[in-house]
Amino acid sequence: ICDLTITDIISTVEFNHTGELLATGDKGGRVVIFQREPESKTEPFSQGEYNVYSTFQSHEPEFDYLKSLEIEEKINKIRWLPQQNAAHFLLSTNDKTIKLWKVSERDKRPEGYNLKDEEGRIKDISTVTSLQVPVLKPMDLMVEVTPRRVFANAHTYHINSISVNSDYETYMSADDLRINLWNLDITDRSFNIVDIKPANMEDLTEVITAAEFHPHHCNLFVYSSSKGTLRLCDMREAALCDKHSKLFEEPEDPSARSFFSEIISSVSDVKFSHSGRYLLTRDYLTAKVWDLNMESKPLETYQVHDYLRSKLCSLYENDCIFDKFECAWNGADSVIMTGAYNNFFRMFDRNTKRDVTLEASRESSKPRAVLKPRRVCAAGGKRRKDDISVDSLDFTKKILHTAWHPTENIIAIAATNNLYIFQDKLNSEMH
């Protein structure tokens, strides 16, 4: 990655609802869509690979003259809308502006116009002596991406989340202090449904870090905070959901309190399970599964990289402690996945309680290559063969963005400017 430019760094990864398409956004404002190839007839059991389907520039750098601020083109989030017809639709957002894109195919073109010639120039009407019926002729497949809506000027702070509602008519966008509800057809207004901005900004104690709609109940959504809390809100109760329905919070252990406690407890991502019964959250050192029916403590806590607990001081100095790792469920809600450093990512099987550390690398992504489990040993600990010392981890190689195919064992891992897609290599590791 010697010729790596900042703009090539992948900043979000998202499968569509069928898993046939996979979109990535990068810091240069580009969106790349990959399509899964159909299974080949010669090898009926070979799974289709993902190849580039379309690439387009979603956002450009802008300048806010009122505040003298540059607005980055970096894509913060991509969310697909469920497919209603032959075209696909997706939402992409940078810090300030959300756009709705239509992705469609064209493999025919009309020919034989009466008032235009072959080059498209308008004919002199006096030369038209007979009428013909235009016909559609086959042409090479063309993927067209067109902007359908632009939702702008609704966020004072940086947008960190967008989430499409299960009614497929509305979606929400969240920034540090507010959450807005939009109708997908209306761009000039949105409804503010959460506002945690204090009257005096000096009284500010927490910010919103992520937000998501419930997968089945269109009135429910959850948002997480930098204090490690989750708030479940019900839009049927009030127009402004400042009073939450449920507050999920783990009581702090006073004996474990340190200077870094508040920073590492900040929730960087929250995801509803496909069933809608559980919540998965990620903070700096752990991934937690919460039951919607139990607010007092998480159902399960998984240590992602506990060996970093002794390194928090240096991770604070190099700003890594503020990295925001995402998390993902598999299709059956039985395994969770999240990223770590050194291009490692972690998987936890909720049933067997097994966990594994895997590495995203060029070697492991080759066809027929097997994902080898890796092990990190704490400083001063006993090292086995192939173990990696915590002191030799590369903190510049971090896996922040991951996605899991909605029904199959296919995962997408963004490692800096490389996208790794692993298919059916996971079963043997987890069982």
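Tutor: A pocket is an open set of points, on a 1 Å grid over the protein atoms alone, with protein on both sides within 12 Å along at least five of seven lines. The second largest pocket here has a volume of about 870 Å³, a volume being the space filled by probe spheres set on points joined across faces, edges and corners. The model is predicted, so local features need pLDDT of at least 70 and side-chain atom pairs count only at 80 or more, while totals for chains, interfaces and linings use all residues. Residues are numbered from 1 along each chain as its sequence is written, and side-chain values use heavy atoms, with hydrogens and water left out.

Student: What makes up the lining of that second largest pocket?

Tutor: The second largest pocket has 34 lining residues, and nearest its centre are Glu14, His17, Glu212, Lys271 and His274. Lining means having an atom within 4 Å of a point. The lining residues divide into 15 nonpolar, twelve polar and seven charged. Elements that give two or more residues include S1, S7, S11, strand S23 (327–329) and strand S29 (401–404). S1 supplies the largest share, four residues.

Student: And what makes up the lining of the largest pocket?

Tutor: That pocket's volume is about 1100 Å³. Of its 41 lining residues, Lys74, Phe322, Asp323, Lys324 and Leu400 are closest to the centre. By class, the lining has 15 nonpolar, twelve polar and 14 charged residues. Strand S1 (10–15), S15 and helix H1 (261–265) each put in at least two residues, and S15 gives the largest share, three residues.

Student: Why is something called a cavity rather than a pocket?

Tutor: In a cavity a 1.4 Å probe fits but cannot get out. By this rule one cavity of 30 Å³ or more is counted, and the largest cavity holds about 70 Å³ of space.

Student: How do you know whether Histidine 305 is buried or exposed?

Tutor: Its relative accessible area is 1%. Buried means under 20%, exposed over 50% and partly exposed in between (1.4 Å probe, protein chains only), so Histidine 305 counts as buried. Histidine 305 sits in the loop between strand S22 (300–303) and helix H2 (312–317). Not counting residues up to four places away in sequence, Histidine 305 touches Arg282, Tyr284, Leu285, Phe325, Ala340 and Tyr341, where contact means heavy atoms within 4.5 Å.

Student: What makes up the secondary structure, and how does the protein's radius of gyration sit against the globule rule?

Tutor: There are three helices and 31 strands, counted as DSSP runs (H or I, at least four residues; E, at least two). The radius of gyration is 24 Å, close to the 22 Å from the globule rule for 431 residues, so the protein is as compact as a globular protein of that length. That rule is 2.2 Å times the number of residues to the power 0.38, and the radius is taken over C-alpha atoms. Along the principal axes, the C-alpha atoms fill a box of roughly 95 × 60 × 40 Å. Buried residues make up 49% of the 431 residues.

Key. Ala, Val, Leu, Ile, Met, Phe, Trp, Tyr, Cys and Pro count as nonpolar, Asp, Glu, Lys and Arg as charged, and the others, Gly among them, as polar.
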